[in-house]
Amino acid sequence: MKNILSPSILAADFNVLGEQIKAVKEGGCEYLHVDVMDGMFVPSISFGMPVMESVRKQSDLFFDTHLMIEDPDRYVEEFARCGADGITFHLEAARGSAADVIKHIKNTKSLKGETLRAGISIKPGTPLEEVLPFAADVDMILVMTVEPGFGGQKLIPETLDKVRQLREYLTREGLDTDIEIDGGVTKENIMEICNAGANIIVAGSAVFKGDVLQNTRDFLQMIGG
Ligand code: DX5
Ligand code: ZN
């Protein structure tokens, strides 16, 4: 399974966002993580459609869209129209059936004309068992390694046990579902995270603080992505 780095622009310098995105691409990245927060599901508000739409015009990276919003079903088409390639929503935020949200995402096309990749996410306090019924239907499960809402937090070590259990479960079931983790990634802990079974690694501060190009290259060299 290929390891992928997904740099989160939440930690970028928005004065030079375009240049920083070019740097992650030049460093070898294929993904860009876009954190959308509504001030309801999480305390903070980040950015939304206009920012993504603008960035899309300058970038062909895979937009890995992380919706930290209540009732995510409402915004599937809008984010697709603005450039999302994949949409991940929170199990805890879905009103009604999460299975319907997954179907909605998978029935929607990206601007590139491809089917959106569907992801489902759980917060650190949500038991793994709650997401397992959806494992065969999604392309990716995002195990949050911090409480969603802010960048720059420390990874909660117990969440890696969840990642290990999830990878064991997927292997047992014969599923090649991606496991993404998000929050608190550093150059010091990334190998432990990959060894636990995650293959899509979100990193915000650790990529965008300092030399973005060098950080990207360092991470990709470590994970072999
Ligand atoms: C947190 C966001 C993360 C965040 C990660 O709610 O979902 O994507 O940007 O930031 P770092 O890597 O700084 O912990
Ligand atoms: Zn995120």
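User: Which strand supplies the largest share of the shell around ligand 1?
Analyst: In this predicted model, local features need pLDDT of at least 70 and side-chain atom pairs count only at pLDDT 80 or more, whereas totals for linings use all residues. Residues are numbered from 1 along each chain as its sequence is written, and side-chain values use heavy atoms, with hydrogens and water left out. Strands are DSSP runs (E, at least two residues), numbered from the N terminus, and β2 (31–37), β3 (62–68) and β8 (200–203) each give at least two residues to the shell. The largest share, 3 residues, comes from β2.

User: How far from an oxygen atom of ligand 1 does a polar side-chain atom of Asp 182 lie?
Analyst: Asp 182 is among the closest of the 20 residues that surround ligand 1, a residue being near if one of its heavy atoms lies within 4 Å. A polar contact is a pair of N or O atoms within 3.5 Å, and a polar side-chain atom of His 66 lies 3.3 Å from an oxygen atom of the ligand. For Asp 182, the distance is 2.6 Å.

User: How many nonpolar residues does the shell around ligand 1 have?
Analyst: Ala, Val, Leu, Ile, Met, Phe, Trp, Tyr, Cys and Pro count as nonpolar, Asp, Glu, Lys and Arg as charged, and the others, Gly among them, as polar. By these classes the shell has 10 polar and 2 charged residues, and the number of nonpolar residues is 8.

Methods: Chains are lettered from A and ligands numbered from 1 in the order in which they are written. A polar contact is a pair of N or O atoms within 3.5 Å; within protein, one must be able to donate a hydrogen and the other to accept it, and residues adjacent in sequence count only if both atoms are side-chain atoms. Helices (H or I, at least four residues) and strands (E, at least two) are DSSP runs, numbered from the N terminus.
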